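Q: I would like to learn how to read a model like this one. Could we go through it feature by feature?

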Number of protein chains: 2
Amino acid sequence: MDLSLESGDEAAASAGPRERARAKIEAAILSAAEAVFAEHGFSGASMSEIARRAGIPKPNLHYYCKTKEELYQRVLRRILDLWLGTADEIQADADPAAAFSHYIAAKIDLARRHPLASRVFANELIHGAPRLGDFLENELQAWVAKKSKVIDGWVKTGKMHPVDPRHLFFMLWAATQTYADFAVQIAAVLGRKSLKPADYDRAARQTTEIVLRGLGLQ
Amino acid sequence: MDLSLESGDEAAASAGPRERARAKIEAAILSAAEAVFAEHGFSGASMSEIARRAGIPKPNLHYYCKTKEELYQRVLRRILDLWLGTADEIQADADPAAAFSHYIAAKIDLARRHPLASRVFANELIHGAPRLGDFLENELQAWVAKKSKVIDGWVKTGKMHPVDPRHLFFMLWAATQTYADFAVQIAAVLGRKSLKPADYDRAARQTTEIVLRGLGLQ
DNA sequence: CCAAAGTTTGACCGATCGATCAAGTTTATT
DNA sequence: AATAAACTTGATCGATCGGTCAAACTTTGG
């Protein structure tokens, strides 16, 4: 049964103090790394700063993550799983209006709760995704193909105006993630130091309205 | 009249071979710098690689641009002017539907013709705009305020559904620039090596349709 | 034709980077 | 208690970075 199998990062359920300490340190490392990678990009991020923010000496950081590349891959993988976890509402038997409403709300909520993750991913894409492996061509494309079939179905049954589902997703991704990736710009235009909950709410409401009406769902 | 005033980069109209050579070199430098900054970000970009792509030795690059910071500022300034130059169609006496159509088309055309510029700007925003000075708070905010008044006017005269113009701009910026900033992702999902003209056309058409209908303009 | 100014370039500098090492400490096992 | 394994850390390495220097070369103006 192998109950001693470590489940990765944080699920140190019933374990000795060593496992628990290790889980805590690895969590601190991943959190610090995400912040530094989001702020400075891969090249600009330094292992020294990540170690400092995680509260450990630099050689100790290398003990847990052999190379900067490996640390980045760990951070990235966590983000990709977060990314693919959304949009379970878009299914054939769902109501299109409700599904898109929920999707937009969920995506903007993701931007609010995980802005650093979004920025690391955006940074990776901007620079040509040199460290993303085959995620885009395999996992993401399959994800889009599956959801596109659902939307094509809605179109064929006259439930919404005809659209190219793929470009629709590009638009939804962009319109929602912009509130994480380009938050500085948005905050500056809105005259704030940082975005408030009301800003995200208004963004979600207006984006939903325009998109639903634009798709003939309202 | 001071006809000898150099107008900056390339307008070496009637000048000696030295001025013309200088203009050509500076153009090569800015072009190379834009490409390298877009690909690697500020920290990741190296003066050596910029010099190599511009076809000159590194000390010669420093002769034309004292520091990496100064070179980046020059590249950035050129991009910001390009950015603010769009959207002259959004004016009080214009037809809203035509104005938004033209704006979306112009923005996507900008993404197609200047993807590197868009990526440098996006990269700057993602990392908190540490080198953007007061552009966001001054120039951009004023730009948005001016255009927002126009849109507010259209709303008050019942020409379109009520919206918060600022969030509308966030959506339009995101939906159009995504075709430059995240072109790798889009190309991968569409199953292409790089985006084709038809992709941009379809993007512009569908984005325009959804937005116009969403704003009650169609 | 000559001196001054502008331009080019190989060699080099200190700083910082990712990564390693070796010696230490702490914890788990028997 | 003893041994092995896991973990910690100051010191240090070679590589690369942005930037400089001084000596050469080229154009310009008188």
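Q: Among contacts in chain A between residues at least 6 apart in sequence, what percentage join residues at least 24 apart?

A: First, the ground rules. This is a predicted model, where local features need pLDDT of at least 70, side-chain atom pairs count only at pLDDT 80 or more, and totals for chains, interfaces and linings use all residues. Residues are numbered from 1 along each chain as its sequence is written, while chains are lettered from A and ligands numbered from 1 in the order in which they are written. Two residues are in contact if their C-beta atoms, placed from the backbone, lie within 7 Å. In chain A, 62% of the contacts between residues at least 6 apart in sequence join residues at least 24 apart.

Q: How many helices and strands does chain A have?

A: Helices (H or I, at least four residues) and strands (E, at least two) are DSSP runs, numbered from the N terminus. Chain A has 10 helices and zero strands. Its C-alpha atoms fill a box of roughly 60 × 55 × 35 Å along the principal axes.

Q: What percentage of the residues in chain A are buried?

A: A residue is buried if 20 or more other C-beta atoms lie within 10 Å of its own, exposed if 12 or fewer, and partly exposed in between, with C-beta atoms placed from the backbone. Of the 218 residues in chain A, 37% are buried. In chain B, Tyr72(B) counts as partly exposed because it has 19 C-beta neighbours inside 10 Å. Tyr72(B) sits in helix H4 (residues 68-84) of chain B. Leaving aside residues up to four places away in sequence, Tyr72(B) touches Phe37(B), Phe42(B) and Arg131(B).

Q: How is a pair of packed helices described, and at what angle do H1(A) and H6(A) cross?

A: Two packed helices are described by the angle between their axes and the distance between the axes. Axes are lines fitted to C-alpha atoms, for helices over the stretch in contact, and angles run from 0 to 180 degrees between N-to-C directions. The axes of H1(A) and H6(A) come within 8 Å and cross at roughly 50°. H1(A) is therefore oblique to H6(A); angles under 35 degrees count as roughly parallel, over 145 as roughly antiparallel, 65 to 115 as roughly perpendicular and the rest as oblique. The residues in contact include Phe37(A) and Ala38(A) of H1(A), and Leu116(A) and Val120(A) of H6(A).

Q: Which residues of H9(A) are buried?

A: They are Ala183(A), Gln185(A), Ile186(A), Ala188(A) and Val189(A). These buried residues pack against H6 and H8 of chain A, and also against helix H6 (115-126), helix H7 (136-156) and helix H8 (165-181) of chain B. Just after H9(A), Gly191(A) has a positive phi of about 75°.

Q: How many residues does each chain give to the contact between chain A and chain B?

A: Chain A gives 44 residues and chain B gives 44 residues. On the side of chain A that touches chain B, 22 residues are nonpolar, 14 polar and eight charged. Here Ala, Val, Leu, Ile, Met, Phe, Trp, Tyr, Cys and Pro count as nonpolar, Asp, Glu, Lys and Arg as charged, and the others, Gly among them, as polar.
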